[in-house]
Amino acid sequence: HSFPTRRSSDLNLGFVAIAFGFIISWTVLKTTSTKYIAAFPTTLFWNYAMPVIFYAFAQANGTLGLLGKKIAYAFRNARWALPFAIMIMAAVVAGSGASTNNTFMVAPLAWSLAVGAEITPILVPIALWCGSFIGGFLPWTTMGSLWNGNFSTYLINSDKTTLPDGVTPVDPLSLTVRLDIYQIIMALVFIAVAYVICKGWKVKEGTQSLFEKPEDYNKDQKATLVIIVCIICCLLIPSVLNTLFFHNKNVVFKWMVSNLTVPVTSAIGITLVCLFANGNVKETFGKFVNWNMILTITGMGMYCTLAGKNYLNVVDPLSELLQNAPAFIIPAALCLIGALLSFVTSASTIQALVLAMIPAISAATGLSMVHLATAAMMGTAVTSFSPISTGGAACLIGAPSEVSTKLFPKMIAIAVGLMVAASLLGLIGFYGIGA
């Protein structure tokens, strides 16, 4: 008897990664299976799986498809601008206070538009990601505030950090604005290049019928749309009011921002759709929830956690190594390290780890902390496009299963390309302009 052969597409890389993780845990780390199981990326799973499931209901009853056709119809005379429309939509929502959570809100709508208008699929995550970079890190947003806090902790004299002699402290707000400028430039260049390469102005032959006036929403679709709008408002409005008007001092809005998170509002949305929009759980879970992608992303995330401080701990030796390296390669090296580590865990955690190395490196090399911090932060930023990271994964929410499966390796390849390009910019001194 011959053994049955399986296509590589039948393999789930998440389970493969988990299996290899167990082997590394036993052989290299000499630890137990229980400790490795504890590395499961719970936050990533909930932040990705819950909105995927919620918007799968809207996909199942045709709401998102019809919405995409209506938006596409509105752009029927300017279809060339659709990728830029997606980017602007993402940037506005992000800059309104939602920060990088904007992708969880607008990605399903963007994919509806993309499917209806037959946009080249890779342009959708690129447009969403670029929109997040333009608006998601402004000083008043959640991530902008995190940046400011990290700079205040690690790059000025504080209770946690005493800077070495001769090292000039940074101004946290100025550094935040500086990084925003770099990220906006990067986003605009990236989408412009991608738009030209992918010929984003073109629509496939035979798709003109998609731009005919679509039908009206039925009762269930109207109810689903109302629920989606309410969920987005629950995420966006408290964040905007809390940040811009109450400065994180109002107890009610502070509680709402902390507790009405994406997984929570998605769970509420799922319940409401089932109650008021005739949501079919069996059909939705069986045909429209992309379990393969959920398990791939969380499995790879679990495997990559092994690089963290509690496992292989690749960070501490890097600081000592960099202090003895030639000064001209330090920015590129920091950028590359930040990018590599951002591949394997959340960018916010990596930023703190990399920033903690900068004062000692600045003292040893004479390079300013502004220059080094810019290089390091840009490194952690570029690889967030990877679908293994939260940012990249969020860009696939709402994508048809067959499309997201094909985009997964392409997004990884692009993230690697961005990492190489960002590191080369560090080598020629780009991040030191005006530092």
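In which helix does valine 193 lie? Valine 193 lies in helix H9, where helices are DSSP runs of H or I with at least four residues, numbered from the N terminus. The model shown is predicted, so local features need pLDDT of at least 70 and side-chain atom pairs count only at pLDDT 80 or more, while totals for chains, interfaces and linings use all residues. Residues are numbered from 1 along each chain as its sequence is written, and side-chain values use heavy atoms, with hydrogens and water left out.

**View 1. The rings of Trp129 and Phe190 form an edge-to-face pair.** Rings of Phe, Tyr and Trp (its six-membered ring) pair if their centres lie within 6.5 Å, and planes over 60 degrees apart count as edge-to-face, under 30 as stacked and the rest as tilted. By this rule there are 18 aromatic pairs. In the pair of tryptophan 129 and phenylalanine 190, the centres are 5.6 Å apart and the planes stand at 85 degrees, which is why it is edge-to-face. Because tryptophan 129 belongs to helix H7 (residues 123-135) and phenylalanine 190 to helix H9 (residues 172-197), the pair ties together parts that are 61 residues apart in sequence. Tryptophan 129 counts as buried at 3% relative accessibility, and phenylalanine 190 counts as buried at 13%.

**View 2. Lys30 and Asn278 each have a positive phi.** Most residues other than glycine have a negative phi. Lysine 30, with phi near 55 degrees, is found in the loop between helix H1 (13-27) and helix H2 (33-37), and at 66% relative accessibility it counts as exposed. Asparagine 278, with a phi of about 60 degrees, sits in the loop between helix H12 (262-276) and helix H13 (281-288), and its relative accessible area of 60% makes it exposed.

Definitions and conventions: Helices (H or I, at least four residues) and strands (E, at least two) are DSSP runs, numbered from the N terminus. Buried means under 20% relative accessible area, exposed over 50%, partly exposed in between (1.4 Å probe, protein chains only).
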